[in-house]
Amino acid sequence: MSTRIKIVFHSLYGHIYCLAEAAAAGAREVPGTEVELLQVPETLPESVLAKMGALEAKKAFAHIPVADPKQLAEADGILFGSGTRFGSASAQMQAFFDATGGLWAKGALIGKAGGVFTSSGTQHGGQESTLLGMFTFLLHHGLVVVGVPYAATEQTTVAEISGGSPYGASTITGGDGSRLPSANELAIARFQGRHLAQIAAKLAAK
Ligand SMILES: Cc1cc2nc3c(=O)[nH]c(=O)nc-3n(C[C@H](O)[C@H](O)[C@H](O)COP(=O)(O)O)c2cc1C
């Protein structure tokens with residue numbers, strides 16, 4: 001039976017979606033892995049999204065199905081990706097987390113592999129606090145936290161500005177969102193997806 005990986009994200013301008021696709025590509029490199037991308041429900045009204053300049057960008061991933069918390073129970077491994085909001089995950093991602101109480105009550109996610117990734121406007125704008133903050137959700141659910149070991153050597157570079165840390169893949173968007181994930185950041189996201197799929201397969205082995 002295949003290892004089922006779900007990559008659940010919230011994105012307004014597409015940066016997190018880019019990392020999600022890279023992580024999915026990494027997970028698919030592991031033979032016998034089935035990957036599904038899902039986006040959490042958007043909680044902002046269209047009028048607000050329009051004022052934020054997000055409506056156009058969102059069209060690029062409008063084809064990704066909207067996640068139902070129940071779907072998490074079908075997975076062997078789950079990656080959650082959210083942009084940084086004042087040093088934490090987005091309210092949209094938090095709302096999705098809050099909708100998983102039923103799964104928590106049943107212990108439905110215990111023992112599955114879990115990881116997180118993020119993006120932020122500025123280089124030191126809170127990526128690590130966002131990632132570490134999302135860990136509490138994983139741990140309360142009994143997910144086994146899977147990060148990005150330094151075998152992903154791309155995270156050691158100081159030759160260029162780059163996201164990516166042992167806590168999870170990341171990208172820096174620039175204050176106006178114009179910076180796209182770099183090749184280095186995408187490589188770390190791919191590593192994370194592959195690594196999570198490998199660990200998930202081991203955890204799911206009977
Ligand atoms: C309400 C709000 C709060 C934000 N807070 C931060 C922050 O604390 N630090 C930071 O560097 N960027 C911050 N940003 C920028 C977002 O992190 C950035 O737009 C996001 O990572 C882009 O990802 P996306 O294109 O997938 O939406 C904030 C953006 C919004 C809208």
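Helices (H or I, at least four residues) and strands (E, at least two) are taken here as DSSP runs and numbered from the N terminus. On that basis the protein contains seven helices and seven strands, and its elements, read from the N terminus on, follow the order β-α-β-α-α-β-β-α-α-β-α-β-β-α.

The model is a predicted one, in which local features need pLDDT of at least 70 and side-chain atom pairs count only at pLDDT 80 or more, while totals for chains, interfaces and linings use all residues. Residues are numbered from 1 along each chain as its sequence is written, and side-chain values use heavy atoms, with hydrogens and water left out.

**Overall dimensions**

The radius of gyration is taken over C-alpha atoms, and the globule rule is 2.2 Å times the number of residues to the power 0.38. For 206 residues a compact globule would have a radius near 17 Å, and the protein's 16 Å agrees with this. Along the principal axes, the C-alpha atoms fill a box of roughly 50 × 40 × 30 Å. Of the 206 residues, 50% count as buried, where buried means under 20% relative accessible area, exposed over 50%, and partly exposed in between (1.4 Å probe, protein chains only).

**The ligand site**

There are 18 residues around the ligand, of which Ser11, Leu12, His15, Thr84 and Ser119 come nearest; a residue counts as near if one of its heavy atoms lies within 4 Å of the molecule. The table gives polar contacts, a polar contact being a pair of N or O atoms within 3.5 Å.

| Residue | Protein atom | Distance to a ligand oxygen |
|---|---|---|
| Serine 11 | side-chain N or O atom | 2.6 Å |
| Leucine 12 | polar backbone atom | 2.7 Å |
| Isoleucine 16 | polar backbone atom | 2.8 Å |

The ligand on its own has 640 Å² of accessible area, and the protein covers 80% of this. Accessible areas come from the Shrake-Rupley method with a 1.4 Å probe, and for residues only the protein chains shown count as cover.

**Two loop residues**

Tyrosine 13 is placed in the loop between β1 (3–10) and α1 (15–28), and with a relative accessible area of 41% it is partly exposed. Glutamate 160, in the loop between β6 (144–145) and β7 (170–172), is likewise partly exposed, since its relative accessible area is 41%. The C-alpha atom of glutamate 160 is separated by 9.8 Å from that of serine 182, a residue 22 positions apart from it along the chain.

Definitions and conventions:
A polar contact is a pair of N or O atoms within 3.5 Å; within protein, one must be able to donate a hydrogen and the other to accept it, and residues adjacent in sequence count only if both atoms are side-chain atoms.
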